[in-house]
Amino acid sequence: MSKRRGFSLLVVVSIVIAASCSSDESSTGDAVQSTSVATTTTTAPVTAVTDAPATTDTPSTTGPPPTSEAPAATDAPTTTEAVREPGGTLVAAISSDPGGLNPAITTSGGTHTASELMFNGLVELDANGEPQPELAESWEIGDEGATYTFTLREGVTWHDGEPFTSADVVYTFTEVLTKLHSRTAASVGSNITSIEAADARTVVFRFKQPYAPLLQQLDVTEAPILPAHIFEGSDPLENPANSAPIGTGPFQFVSYTPDSEVRLERNANYFKDGLPLLDEVVLRVIKDASSRVAALENGEVDWLFDVPGPDLERLSNDDAYDTLPTLINPGGSNCIMTVSFNLERPIFADQRVREAVASALDRDQFLERVIFGQGRVAAAPIASGIGFAHADDIQLPQFDRAAAAALLEDAGWVSDGDGTRISQGVEGLEDGTSLAFDFVHFPTFAAYGELFRAQLAEVGMEVTLTPLEPPVFAEKVFTERAFDTNIISYCNGQDPEIGVRRMYDSARIGSVPFSNAAAYRNDEVDALFAEAAATIDAEQRTELYRQIQEQVVADLPYFWIVETESTRLFTADCEGFGPSGHFAETASCS
Amino acid sequence: MTTRYAVWRLLQVLPTCAGILLVGFLLIHAAPGDPVLALAGDGGDEAYYERVRNKFGLDQPLVVQLGTYVANVIRGDLGTSYTSGRPALDVVFERVPATLLLTATALALSTFLGLAAGIAAAARPHGARDALISATSLGLYATPVFLVGQLMMLLFALRMGWFPVQGMTTARENYTGLTHVADVAHHLVLPVIALAAQEIAAVARLTRSGLLDELGRDHVRTARAKGAGEVRVMVKHALRRAMLPVVTLVGGRVGQLVAGTIVVEAVFSWPGVGGLMVSSVQARDTPIVLALFFVIAMTVVLANLLTDLAYRWLDPRVRYG
Amino acid sequence: MADVPVPELTGRPAHHQSWTAVLARPAGAIGAFLVLVVVVGGIIGPWVAPNDPFSVDGPSLAKPSLSFPMGTDALGRDAFSGVLHGLRTTLFVAGGVAAIVVVVGMSVGLAAGYRAGWLDQVLMRSTEFVQVLPRFFLAIVVIAMFGPGLRQLVLVLGLSSWPLLARVVRAETLSLREREFIEAARADGSSPLRIILRELLPNVVPSAVVVVGLLVAQVMLIEASLGFLGLGDPNVVSLGSLASEGQDFIRVAWWLAFFPGLAIVVAVLGLNLLADAVTGSLGGGR
């Protein structure tokens with residue numbers, strides 16, 4: 001029967017065609033280039049490089065944070081002392097297509113997860129969040145914390161062989177980070193007066209006033225350094241290197257196949273002696289959480305950035321796997337899942353309604369059933385990971401349905417029995433309006449929305465879920481402000497200046513994504529944040545942040561649900577991982 | 001098959017394509033809000049929207065806009081994806097090979113296995129084999145693609161460890177040449193079976209009933225009376241005509257098969273157009289969604305064209321009309 | 001899409017198809033029973049459902065038990081109530097689509113078959129055109145532009161699903177047109193509309209029922225697939241989205257993906273069996 005042969009021939013031919021297509025793609029590596037949207041065309045304050053003479057900025061070494069000169073070789077990790085063999089391939093599962101591979105132009109977790117291994121910051125943060133030298137070999141702090149002078153490491157080269165110099169640092173900060181990286185633009189960008197190169201190995205940062213948190217913001221997540229010779233004179237959002245990056249990091253780019261994988265290989269000239277150990281790192285896109293776990297169990301991947309709770313329970317006692325719990329994510333650290341109320345909407349202009357929502361939420365249930373215990377109920381507006389600023393004894397509204405109902409009655413939302421409450425004398429709304437509002441969320445946060453809807457229904461509020469992918473979410477929430485409530489994973493970073501201030505500062509209302517979503521305005525809070533940023537004394541800062549937290553808890557523009565912790569799960573054949581974006585720098589697989 | 005018929009049939013494709021474009025155009029204008037949102041996606045800034053408005057002449061009368069739109073599409077310009085900043089068609093075509101591989105293999109496999117199962121069932125109607133095949137195909141026909149895929153993944157990938165659970169290649173290795181082909185084929189097995197299952201059922205059901213019809217006809221009876229073997233009767237006299245509706249079915253089902261592919265790609269993390277489609281809908285990246293729609297609709301039109309020509313070849317008596 | 005096996009039904013004089021003949025067949029009886037279960041479940045489900053499908057009523061990921069016959073999901077919501085409400089959604093979409101298909105498909109088919117000539121040409125060219133449109137993707141485009149919602153889903157699936165019915169009805173009408181009883185009616189001076197409604201319509205109903213049944217089964221699968229991909233309305237329970245949520249817990253809570261999937265299988269299988277039985281009792285069966 002010739003038909004039979006014909007069909008099998010067709011099968012083989014089509015396999016060969018597709019196979020050759022896909023290998024073409026990966027060898028040229030020009031698969032995708034991504035520039036992110038209008039959402040990144042932010043309007044951060046322009047940071048001018050001043051032409052002040054270099055001689056005037058001789059630093060004094062009186063600033064409180066210590067000058068660190070630890071040699072690079074010692075900042076190797078942590079988990080094991082045994083000598084490990086170089087070589088091997090690590091396959092890490094990532095949950096979304098990165099879209100682009102330039103971590104300096106976005107805070108997108110997908111991009112950062114896939115690209116941080118190829119870049120470095122001036123410093124890296126150790127397990128305690130303390131800065132350690134990376135591209136900067138040492139630094140001195142002068143003018144009581146208003147001037148930072150960095151001495152750069154010698155002999156560092158870009159993946160294309162060009163030398164790394166101070167020009168790269170100046171370009172990256174002035175043209176990219178302070179304009180396009182939303183957290184760094186909001187914090188460093190709004191405080192800095194100049195960044196300049198004193199010589200090829202020296203960079204000087206000058207601030208309007210003492211600026212305490214800088215060193216915490218110079219790691220690869222908050223401030224990855226780009227090669228000026230590739231980017232200078234181009235639009236950083238449109239540069240082809242965004243999809244085939246050149247960095248200084250432990251691994252260099254090989255190929256990127258959209259929605260499939262990013263392949264990286266060992267940077268043989270890496271400036272940290274003996275690192276990295278792995279020959280290859282492959283970041284494989286697997287969007288479905290259960291499929292990621294299945295792929296690990298089937299031996300197809302070695303490393304998962306996060307694991308659904310029930311699967312973690314099942315696998316963490318298995319000797320074939322190891323775990324690494326951490327508060328640090330490539331997209332940011334110390335993250336709090338936070339509900340924002342749109343204060344410009346009549347329903348939520350009333351503090352009592354916001355408090356009612358907060359009282360109607362059983363946050364323990366979020367902890368147990370949405371994140372399966374991987375984290376903790378948020379105890380204060382600032383994450384517990386920032387020890388000096390976290391006010392752990394502050395009183396947040398507690399779960400109390402009766403109190404929530406009473407608050408709603410009081411605010412003019414009356415119940416007609418079982419269903420949704422309706423308004424009676426609520427300012428700005430016609431009588432009889434239902435207490436119905438939307439809840440905008442990333443599709444990945446659907447479970448938060450489902451539980452939010454269920455819990456609020458118990459007190460007569462009707463919630464409509466609107467799942468939106470990150471770019472549209474940013475547009476709807478921050479530019480159009482077309483939402484009632486939403487949930488955002490606000491990553492606080494290592495210092496409140498990095499990821500907390502942007503949520504409350506009235507200057508941060510507007511189209512910059514993931515800034516002040518509530519449109520919260522409180523002059524006192526604005527002033528306190530400004531004062532805290534300029535204060536060097538640690539105790540004083542603690543006190544200022546405590547006042548801020550008391551005020552925002554009283555005003556309740558947001559409600560802080562849970563602090564999320566993620567647990568990395570990986571095969572026991574591999575070891576030596578770090579939690580940060582450079583997780584594979586020191587890893588090895590047998 | 002006459003050349004004239006082929007040419008005439010080819011010409012017929014043109015109005016269909018025009019109609020598909022018209023549907024896309026009408027949807028853009030029927031969508032709530034400013035049509036620029038449907039043309040450019042939901043996340044652009046004002047300046048970008050202004051450029052798009054000019055490009056598509058949105059201040060012109062509707063008929064002029066239609067002309068502009070069609071002209072753009074003919075030039076291969078289906079707009080720019082705002083999430084990637086690249087031409088929508090480029091982004092789509094990048095993912096097409098993986099999807100095509102999956103769909104084409106499943107189509108071939110299901111046609112072959114479906115015919116085989118149908119013949120096996122029809123050879124001894126109402127026997128045990130027929131009952132088994134008929135019941136199985138009825139069950140498969142009613143089972144959603146994702147359920148078949150999930151069950152197969154649980155059973156053959158996780159329980160037995162025979163096949164990978166995700167992707168098109170082994171991430172750990174850099175295979176080239178024949179080992180690469182073998183690797184892709186290994187990854188292809190489960191998705192293809194999951195995708196083909198429903199199709200096999202449909203083809204088998206149709207083949208069986210078509211064959212039983214034919215076997216009861218005079219010319220087959222005559223052949224049998226002349227002492228032709230059962231296999232010969234089946235293949236030579238009945239199958240050719242019984243295949244007619246099968247061919248129609250296969251052509252018509254290409255659209256449905258591509259739809260199934262989208263689902264299977266989601267289950268097995270296959271790097272085709274499926275992931276792009278879903279994320280583009282959720283990101284309201286309408287240029288990509290529309291480009292995918294056009295590409296898939298054209299594929300279906302093409303498949304129908306090929307089906308018609310094949311039909312004609314199988315049964316030269318068929319005349320249009 | 002000509003994607004369902006269409007029974008080849010030849011014209012025959014008007015007679016009323018007896019449902020007992022259909023139900024006498026095992027396939028018909030089982031099919032009718034399954035369809036009945038689904039329809040009744042979907043209609044009365046929301047009233048008999050023990051819980052609101054969105055509310056948290058039990059422990060997280062509880063196994064099927066007496067109080068939760070299909071278990072609970074991660075948030076502690078009752079999966080049984082979810083499936084009942086999901087069936088209602090499925091029925092709503094299927095019913096809405098069927099209504100549109102019947103109205104459009106019957107009108108086009110009867111008009112084209114009875115009138116012939118240019119009207120037939122125009123209608124059949126349009127039918128062929130709509131038939132090539134890939135329904136599933138058309139639905140996705142509509143979701144992308146109009147947002148997810150049952151109304152637009154019913155509209156787009158209904159307006160793109162009728163061609164098959166139109167073609168079958170037209171073929172039936174063509175073969176009936178020249179039959180004696182039609183000729184007789186014509187000779188009586190009956191108006192075309194009257195002939196179509198009184199003489200032709202009853203005769204095409206049985207085969208139309210089969211086609212609509214098969215189409216509705218497909219629509220259910222399409223709706224489930226859209227829900228599975230996460231493209232359904234998150235504020236309406238659908239079997240597909242339940243199955244999709246269940247996939248996240250497939251290794252620890254099989255029941256979450258299993259029961260919604262089973263409900264779809266039951267509905268689609270029932271419709272197919274019933275359609276088979278109707279075809280069979282019309283003389284197409286062997």
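Biologist: Which residues are buried in α4(A)?
Modeller: This is a predicted model, and in it A:S182, A:R183, A:T184, A:A185, A:A186, A:S187, A:V188, A:G189 and A:N191 are buried in α4(A). The helix runs over residues 182–191 of chain A, and nine of its 10 residues are buried.

Biologist: What covers the buried residues of α4(A)?
Modeller: The cover includes helices α3 (166–180), α14 (496–499), α15 (501–504) and α16 (523–534) of chain A, along with strands β6 (192–199) and β7 (202–207) of chain A.

Biologist: How many helices and strands does chain A have?
Modeller: Chain A has 17 helices and 25 strands. Of its 590 residues, 57% are buried. Taking the contacts in chain A with a separation of 6 or more, 73% are between residues 24 or more positions apart.

Biologist: OK, sheets. What is the strand order in the open sheet of six strands in chain A?
Modeller: The order is β16-β22-β15-β21-β19-β20, with mixed pairing. At the edges are β16 (375–377) and β20 (462–467) of chain A, each of which pairs on one side only. Neighbouring strands in this sheet are turned by 25 degrees against each other on average, ignoring direction.

Biologist: And how do β15 and β22 of chain A run, parallel or antiparallel?
Modeller: Antiparallel: five bridges join β15 (residues 335–341) to β22 (residues 558–564) in chain A. Within that pair, A:V339 stands opposite A:F559 of β22(A). As background, strands of a sheet pair through backbone hydrogen bonds, in either a parallel or an antiparallel way.

Biologist: Which strand does β11 of chain A pair with?
Modeller: Strand β11 (residues 303–304) of chain A is joined by two bridges to β23 (residues 566–571) of chain A, and the two run antiparallel. There, A:L304 stands opposite A:L569 of β23(A). Strand β12 (residues 321–326) of chain A also runs antiparallel to β23(A), with six bridges between them. The bridge partner of A:L324 in β23(A) is A:R568.

Biologist: Switching to chain C. What is it built from?
Modeller: Chain C has 11 helices and zero strands. Its C-alpha trace spans about 75 × 45 × 30 Å along the principal axes. Buried residues account for 59% of the 286 residues in chain C. Counting contacts in chain C between residues at least 6 apart in sequence, 72% join residues at least 24 apart.

Biologist: Where does chain C have pLDDT under 50?
Modeller: Over residues 1–16 of chain C, a stretch for which the model has 45 contacts beyond four places in sequence. Where pLDDT is low, the predicted coordinates should not be read in detail. Chain C averages a pLDDT of 86, and 92% of its residues score at least 70. The model as such scores ipTM 0.86 and pTM 0.83.

Biologist: How many residues of chain A are in contact with chain C?
Modeller: There are 20 from chain A, in contact with 17 residues of chain C. On the chain A side, α6 (289–297), α7 (309–315), α10 (363–370), α12 (446–457) and β20 each supply at least two residues. Helix α12(A) gives the largest share of that side, seven residues. By class, the side of chain A that touches chain C has 11 nonpolar, two polar and seven charged residues.

Biologist: Now chain B. At what angle do α11 and α12 of chain B pack?
Modeller: Helix α11 (residues 254–268) and helix α12 (residues 273–282) of chain B pack at about 90 degrees, with their axes 8 Å apart. The two helices are therefore roughly perpendicular to each other. The contact uses B:T261, B:I262, B:E265 and B:A266 from α11(B), and B:G274, B:G275, B:M277 and B:V278 from α12(B). By class, that contact has four nonpolar, three polar and one charged residues.

Biologist: Last one: why does B:I288 count as buried?
Modeller: Because B:I288 has 30 C-beta neighbours inside 10 Å, and the cut-off for buried is 20 or more. B:I288 is located in helix α13 (residues 286–314) of chain B.

Biologist: What does B:I288 touch?
Modeller: Leaving out residues up to four places away in sequence, B:I288 touches B:S81, B:A88, B:V91, B:V92, B:L276 and B:S280. The C-alpha atoms of B:I288 and B:V263 are separated by 18 Å, and these residues are 25 residues apart along the chain.

Technical notes
Residues numbered from 1 in each chain as written. Chains lettered and ligands numbered in written order. Predicted model: local features only at pLDDT ≥ 70, side-chain atom pairs only at ≥ 80, totals over all residues. Helix = DSSP H or I, 4+ residues; strand = E, 2+ residues; numbered from the N terminus. Buried ≥ 20, exposed ≤ 12 C-beta atoms within 10 Å, placed from the backbone. Contact = placed C-beta atoms within 7 Å. Pairing = 2+ DSSP bridges. Axes fitted to C-alpha atoms, helices over the stretch in contact; angles between N-to-C directions. pLDDT = per-residue confidence, 0-100. Nonpolar A, V, L, I, M, F, W, Y, C, P; charged D, E, K, R; others polar. Parallel < 35°, antiparallel > 145°, perpendicular 65-115°, else oblique.
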